Amino acid sequence: MDKDGFIFLATKDTIVFKEMAMHAHKPQKPLQSSLFHCQALRFCSFPSSLKWAPVLDIEKELVQHSERVKSVDLHPKEPWILASLYSGTLCIWNYHSQELVKSFKVAESPVRSAKFIQRKQWIVTGADDKFIRVFNYDTMEKIAEFEAHTDFIRSVAVHPTLPYLLSASDDMVIKLWDWEKGWECSQMFKGHAHYVMQVAFSPKDTNTFASASLDGTIKVWNLSSSDPEFTLDGHSKGVNCIDYFMRGSKPYLVSGSDDHTAKVWDCEAKSCVQTLEGHTNNVSAVCVHPELPIIITGSEDGNVHIWDEATYRLENTLNYGLERVWGFGCMKGSNRVVIGYDKGTVMVKFVSPHSGVSMGSLVKEKEKKEF
């Protein structure tokens, strides 16, 4: 029981929530209970009181079998999933109708990263043939095509407001491209000693970005300088993936590594605050959901782990039998997550088991009111 008079009971498959009237100045009311099924229980701490929110049911919305998926992205307006494949093909799926919207060949080599640029109606891709290509996703017109690096392109990241694209490569260089200047390379960032696997813009300061490398480090950069601002060093093997998230006004990073762990980093303190252990192979994808209080990690062991963002407790493990995990996609305003695997794409949705509302809506509601 907490100080407000709530009792929480949990078993492996069932949660019982019971409320008791504990206020002496009010008439005692009968014990009320509600029973609902879900897979785990999570607690959220807020300044005024302990509030509760269950880890909600995870509904599988879409499964599309394909060859190896190297990256996935969600369109911010349309119900579209963008999947880039090892074969060099791009697919756009409508997750409402479960239909293939478009599919086209981009390159003869793997396309390891592809992103929507909704404000331009574009898709931008980076491939093993060292080329960046840009397409209009309505007309399928090729907007741009140029050799951007001297080795495989591992990752592209789109600036949220400016006409900038970052690309990261096995040539150990990160480049900044300005599409309003004819895709001019306006900055190069050097400092990593091995392949650069992923880049991500900071949500707090969009002039800042982070990079993950197989040299075992994460570096944080400013767009105005070719040298890193600082380096985060704590993994014992190469770092494959990163994602930013905010706690209040403070930026944090989560990273995934070939040492089979994920780590959470305080960017202001420049230190690791938590190591997430449990995967039995390389951690190949990480994601902090922008609407839900969860960290998601994916591995070459085929498992997706869902962690409580506040307590770092492992809340759930998903395995759909599609072999290795290679990428996640999620976005603001949605309680969905898309997962790219060796053998296809899966979309899941987090919902309340007793009412059908999204987890994001439920948590937001509870942040606004007292029980």
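## A tour of sheets and rings

Start with the open sheet: 4 strands, in the order β19-β20-β21-β22, with antiparallel pairing. Select β19 (196–201) and β22 (230–233). These two stand at the edges, and each has a single partner strand, so one side of each has no neighbour in the sheet. Look along the sheet: from one strand to the next, the twist averages 20°. Keep in mind that this is a predicted model.

Stay here and select β21, residues 217–222. This strand runs antiparallel to β22, and 4 bridges join the two.

Select residues 153–158, strand β15. Is this strand enclosed or left open? Of its 6 residues, 5 are buried, so β15 is largely enclosed by the rest of the structure. Within the pairing, A157 stands opposite L166 in β16.

**Aromatic pairs**

Switch to the rings. The model holds 14 aromatic pairs. Show W80 and Y137 first. Their ring centres are 5.5 Å apart and their planes stand at 90°; angles over 60 count as edge-to-face, so this pair is edge-to-face. Trace the chain between them: W80 is in strand β8 (residues 80–85), while Y137 is in the loop between β13 (131–136) and β14 (142–147). The two are 57 residues apart, so the pair links distant parts of the chain.

Buried or exposed? W80 counts as buried, at 10% relative accessibility. Y137 is also buried, with a relative accessible area of 4%. The cut-off for buried is under 20%.

Move to F245 and Y252. This aromatic pair is stacked, at 5.5 Å centre to centre and 25° between the planes. Both residues are buried.

**Two last selections**

Select R68 and Y86 for another arginine over a ring. R68 lies over the face of Y86, 4.2 Å from the ring centre.

Finish with a group. Which residues do ring pairs link into a cluster? Select W122, F146, W177, W179 and W183 together to see it.

Definitions and conventions
Residues are numbered from 1 along each chain as its sequence is written. This is a predicted model: local features need pLDDT of at least 70, side-chain atom pairs count only at pLDDT 80 or more; totals for chains, interfaces and linings use all residues. Side-chain values use heavy atoms; hydrogens and water are left out. Two strands pair if DSSP finds at least two bridges between them. Axes are lines fitted to C-alpha atoms, for helices over the stretch in contact, and angles run from 0 to 180 degrees between N-to-C directions. Buried means under 20% relative accessible area, exposed over 50%, partly exposed in between (1.4 Å probe, protein chains only). Rings of Phe, Tyr and Trp (its six-membered ring) pair if their centres lie within 6.5 Å; planes under 30 degrees apart count as stacked, over 60 as edge-to-face and the rest as tilted. A charge sits over a ring if NZ of Lys or CZ of Arg is within 6 Å of the ring centre and within 35 degrees of the ring normal.
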